[in-house]
Amino acid sequence: MSIERIVLAVAGGFILISLLLAHFVSPYWLWFTAFVGANLFQSAFTGFCPLALILKRLGKQSGPAF
């Protein structure tokens with residue numbers, strides 16, 4: 001699995017988990033959902049993604065996302 005696909009999977013997982021937590025625990029978890037969305041938005045324009053940097057240092061290869 002390439003770095004790009006891992007980043008998409010982790011972001012999607014975080015969003016789904018935070019939505020479940022917002023529904024069952026506290027609506028304040030929606031702030032985490034907004035944080036993940038904002039990170040995805042800024043990385044689309046800047047190319048900077050902390051998770052991608054970590055995965056690259058761990059030896060994962062970059063590749064096409066689609």
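The residues that line the second largest pocket comprise 12 nonpolar, 3 polar and no charged residues. The model discussed here is predicted.

**Second largest pocket**

- The volume of the second largest pocket is about 250 Å³.
- Its lining consists of 15 residues, and those closest to the centre of the pocket are A11, V36, N39, C49 and L51.
- Two or more lining residues of the second largest pocket come from each of the helices α1, α2 and α3.
- Helix α2 provides the largest share of this lining, with 7 residues.

**Largest pocket**

- The largest pocket holds about 300 Å³ of space.
- Its lining is made up of 15 residues, and I3, E4, V7, C49 and A52 lie nearest the centre of the pocket.
- At least two residues of this lining are supplied by each of α1 (3–24), α2 and α3 (50–57).
- Helix α1 gives the largest share of the lining of the largest pocket, namely 4 residues.
- By class, the lining of the largest pocket contains 10 nonpolar, 3 polar and 2 charged residues, whereas the lining of the second largest pocket has no charged residues.
- C49 is listed among the residues nearest the centre of the largest pocket, and C49 is also listed among those closest to the centre of the second largest pocket.

**Aromatic rings**

- F32 and F35 are about one helical turn apart, because they lie 3 residues from each other in helix α2 (residues 30–46).
- F32 has a relative accessibility of 30% and therefore counts as partly exposed.
- F35 is likewise partly exposed, its relative accessible area being 49%.
- Ring pairs connect F14, W29, F32 and F35 into a cluster.

**UniProt annotations**

- An unreviewed UniProt entry assigns residues 2–56 the annotation "domain: Inner membrane protein YgaP-like transmembrane".
- In the model, residues 2–56 are 84% helix and 0% strand, and the C-alpha atoms at the ends of this span are 10 Å apart.
- The unreviewed UniProt entry also lists residues 7–25 and 31–55 under "transmembrane region".
- Residues 7–25 are 95% helix and 0% strand in the model, with 26 Å between the end C-alpha atoms.
- Residues 31–55 are 88% helix and 0% strand, and the end C-alpha atoms of this span lie 25 Å apart.

**The loop residue G47**

- G47 is located in the loop between α2 and α3.
- Is G47 buried or exposed? With a relative accessibility of 63%, G47 counts as exposed, since the cut-off for that class is over 50%.
- From C-alpha to C-alpha, G47 and L58 are separated by 19 Å in space, and they are 11 residues apart in sequence.

Note on methods: Residues numbered from 1 in each chain as written. Predicted model: local features only at pLDDT ≥ 70, side-chain atom pairs only at ≥ 80, totals over all residues. Heavy atoms only, no water. Buried < 20%, exposed > 50% of the residue type's maximum accessible area, 1.4 Å probe, protein only. Phe/Tyr/Trp six-rings, centres within 6.5 Å; stacked < 30°, edge-to-face > 60°. 1 Å grid on protein atoms, 1.4 Å probe; cavity = no way out; pocket = protein on both sides within 12 Å on 5 of 7 lines; lining within 4 Å. Points joined across faces, edges and corners; volume = space filled by probe spheres on them. Nonpolar A, V, L, I, M, F, W, Y, C, P; charged D, E, K, R; others polar. UniProt positions renumbered as here; feature names shortened; annotations may be inferred.
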